[in-house]
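Student: I would like to learn how to read a fold from its coordinates. Please take one feature at a time, general idea before case.

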Amino acid sequence: MILSCQNISKAFNEKNILKNVSFHIEDYDKAAIVGINGAGKTTLLKIIVGDMQPDEGIVTLSKDKTFGYLAQHQSVDTENTIYEELLTVKQELITLETRIRETELQMKAVDGKELERLMELYSQLTHRFESDGGYSYRSELTGVLKGLGFTEEEFDKPVSTLSGGQKTRVALGKLLLLRPDLIMLDEPTNHLDMSSITWLETYLMNYKGAVIIVSHDRYFLDRIANKIIEIDQTRASIFTGNYSSYAQKKEQLRAAEWKAYLNQQREIKHQEAVITKLKSFNREKSVKRAESREKMLDKIERIEKPTEANTDMHISLEPKYTSGNDVLHVENLSKSFASLSLFQDIGFDIKKGEHVAIIGDNGTGKTTILKIINGLLPADSGSLRLGTNVHIGYYDQEHHVLHMEKTLFEEISDEYPSLNNTEIRNTLAAFLFTGEDVFKQIKALSGGERGRVSLAKLMLSESNFLILDEPTNHLDITSKEILEDALNGYTGTVLYVSHDRYFINRTASRILELSGHTLTNYLGNYDYYLEKKQQLALSSQMADGSPSSAPVPSGTGEKESAAKLNWKEQKELQAKQRKRENELKRLEERIENLEQRDAEIDGEMSRPEVCTDVAKLQELSREKEGIAAELEQLMERWEVLEAGE
């Protein structure tokens with residue numbers, strides 16, 4: 001075991017963020033911490049590395065073990081070039097290399113015992129240099145830089161001139177080259193393009209140490225993680241396997257929790273109804289039975305109502321009008337900025353109902369294509385044509401469609417003046433803006449909050465052609481899944497740019513890859529795209545295989561027999577249920593009649609003429625005893641049937 005967290009608790013302003021969080025990390029674990037925004041994932045990482053103290057609990061890192069931590073935002077302040085900055089990590093090897101060179105020079109000028117001493121030292125130094133990777137550290141450094149998306153031309157760029165995202169990549173490169181026993185990464189894929197993320201996945205999968213990752217990139221987590229630590233409502237739950245395995249188990253657990261809760265609620269209501277019925281019989285034994293059931297009911301450990309899944313944000317996307325079959329035609333489109341050519345003579349068509357994803361490395365021009373379609377940028381050459389009755393809804397990752405000086409309420413009311421105050425508030429509430437939040441200015445919102453406002457406007461647009469630029473940026477995993485479900489249920493057409501491979505895999509029916517100034521079409525989701533790319537890499541000349549007719553699945557007869565058997569069993573159960581209900585009804589009617597007759601006998605026995613008639617009294621008493629005995633049997637049978645036996 002390399003790391004142990006025991007009963008970690010943390011609160012801010014008396015609000016619990018983490019409560020009794022416990023887990024451990026083994027030497028080669030690849031663990032992911034997941035949870036909604038604000039769940040406390042980053043707080044937990046900061047507590048582990050010592051940047052923040054827990055209110056309670058203990059963090060234990062094994063002796064002689066090292067760790068490295070990459071925060072979401074890095075401020076690398078140095079005048080070094082990118083290459084020089086990464087080289088600082090290898091300072092020990094550089095110093096060792098210098099000593100080896102110095103020793104070589106000294107050996108040329110001496111002999112005898114001094115030469116023997118220097119030769120022994122030289123042997124020790126070169127052995128250490130070799131075992132520590134001295135002969136490969138420069139190629140390793142170059143490989144890491146290229147893997148993280150830096151070109152050789154950029155190696156000499158001063159770090160001080162880089163963007164925040166580039167500085168984060170430099171910091172990540174330094175951390176990987178340090179090779180600590182435990183790597184902790186907070187949203188490492190935020191500033192990487194697809195090829196860099198794929199490289200990082202491979203690097204971490206083969207890493208000879210432990211890794212803890214906080215990330216919203218589910219495809220990334222699927223490939224790397226073998227353990228999921230979920231933070232939900234301040235508590236931690238541990239799941240073995242990758243993200244998809246966790247999501248499946250989580251859904252099964254949630255379903256089981258709901259089933260247990262609903263079954264218990266049903267049983268409680270049933271027992272309460274039986275107690276009421278027993279009391280209504282107004283007999284001593286029935287009342288005692290009712291009291292006994294009440295005591296049992298009081299002792300039941302009540303199951304808390306489980307939290308609802310995916311009920312925070314509510315997105316409903318539905319076009320108001322139906323478009324024609326031809327939604328978009330693009331022909332010979334080209335765009336350059338100064339000497340930088342993004343793409344040349346590209347063309348594609350989009351049909352009604354298609355969900356098309358444009359993918360490619362950063363800087364290839366994906367967002368530019370969307371802006372040209374929306375009329376925000378002119379093309380250098382080429383043409384595009386929208387189809388009949390096409391109405392565009394645009395989601396811009398930079399949120400230029402929002403007005404920074406307006407409040408949330410004004411943003412919606414100005415765009416959709418037909419909505420009344422209640423409708424506007426209900427719309428904003430569906431995207432988690434309630435109370436006084438609706439009067440915040442757009443400029444005061446975080447990136448994730450602006451994204452939710454843009455999604456709210458998109459929902460209200462009722463457009464039949466959605467154009468989305470990085471729609472999952474700043475969304476937590478739960479919100480991403482809600483958006484995915486909304487898009488999968490959307491009957492209009494979708495064109496989007498995204499680097500979220502899990503999102504693409506779930507929502508795309510076709511992929512356009514922008515690479516080498518041109519577009520390549522793939523008819524399928526992201527997994528299909530990867531498979532096809534791999535095939536093309538293995539062989540540039542693949543024969544077109546004609547699809548064979550699908551064979552009849554084996555076991556079809558057995559399935560039909562099973563279906564018939566299930567139907568028969570179902571009919572038998574239904575018949576049995578009807579029989580039980582009918583018997584219950586007859587029992588209740590008989591009990592009611594007997595109790596009525598019992599009351600009548602009491603009335604008769606109190607009449608003066610009967611009180612003096614011994615024979616009549618004996619007859620009525622025998623009847624009353626018979627009624628009591630029969631009622632006892634009927635009530636016992638009634639309880640058995642009520643219990644479903």
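Student: In what order do the three strands of the open sheet stand?

Tutor: Strands are DSSP E runs of at least two residues, helices H or I runs of at least four, both numbered from the N terminus. Two strands pair if DSSP finds at least two bridges between them. In this predicted model the order is β2-β1-β4, with antiparallel pairing. Because β2 (15-25) and β4 (56-61) each have a single partner strand, they are the edges, and one side of each lacks a neighbour in the sheet. From one strand to the next the twist averages 20°. Angles run from 0 to 180 degrees between N-to-C directions, with axes fitted as lines to C-alpha atoms, for helices over the stretch in contact.

Student: How many bridges join β1 and β4?

Tutor: Five, in the antiparallel sense. C5 stands opposite V59 in β4. Helix α1 (residues 41-49) packs on the sheet and touches β1, β2 and β4; its direction makes about 125° with that of β1. Touching, or contact, means heavy atoms within 4.5 Å.

Student: Is S9 buried or exposed?

Tutor: Buried means under 20% relative accessible area, exposed over 50%, partly exposed in between (1.4 Å probe, protein chains only). S9, in strand β1 (residues 3-12), counts as buried because its relative accessibility is 4%. Leaving out residues up to four places away in sequence, S9 touches L18, K19, N20, P54, D55 and E56.

Student: Which residues of α10 are buried?

Tutor: An α-helix has 3.6 residues a turn, so residues three or four places apart point the same way. In α10, S286, A290, R293 and L297 are buried. They cover an arc of only 65° around the axis (taken from the directions from the helix axis to the C-beta atoms), so they lie on the same side of α10. The face turned away carries the exposed residues E284, K288, K295, D298 and K299. The cover over the buried residues includes α9 (243-281) and α20 (614-642).

Student: How many residues are in the largest nonpolar core?

Tutor: In soluble globular proteins, nonpolar side chains tend to be buried together. A nonpolar core is a set of buried Ala, Val, Leu, Ile, Met, Phe, Trp, Tyr and Cys residues joined through side-chain atoms within 4.5 Å. The largest has 94 residues; I315 and F431 are among those with the most contacts inside it. A second, separate core of 25 residues includes F23, A31, I229 and I231.

Student: Which conventions apply?

Tutor: Residues are numbered from 1 along each chain as its sequence is written, and side-chain values use heavy atoms, leaving out hydrogens and water. As the model is predicted, local features need pLDDT of at least 70 and side-chain atom pairs count only at pLDDT 80 or more, while totals for chains, interfaces and linings use all residues.
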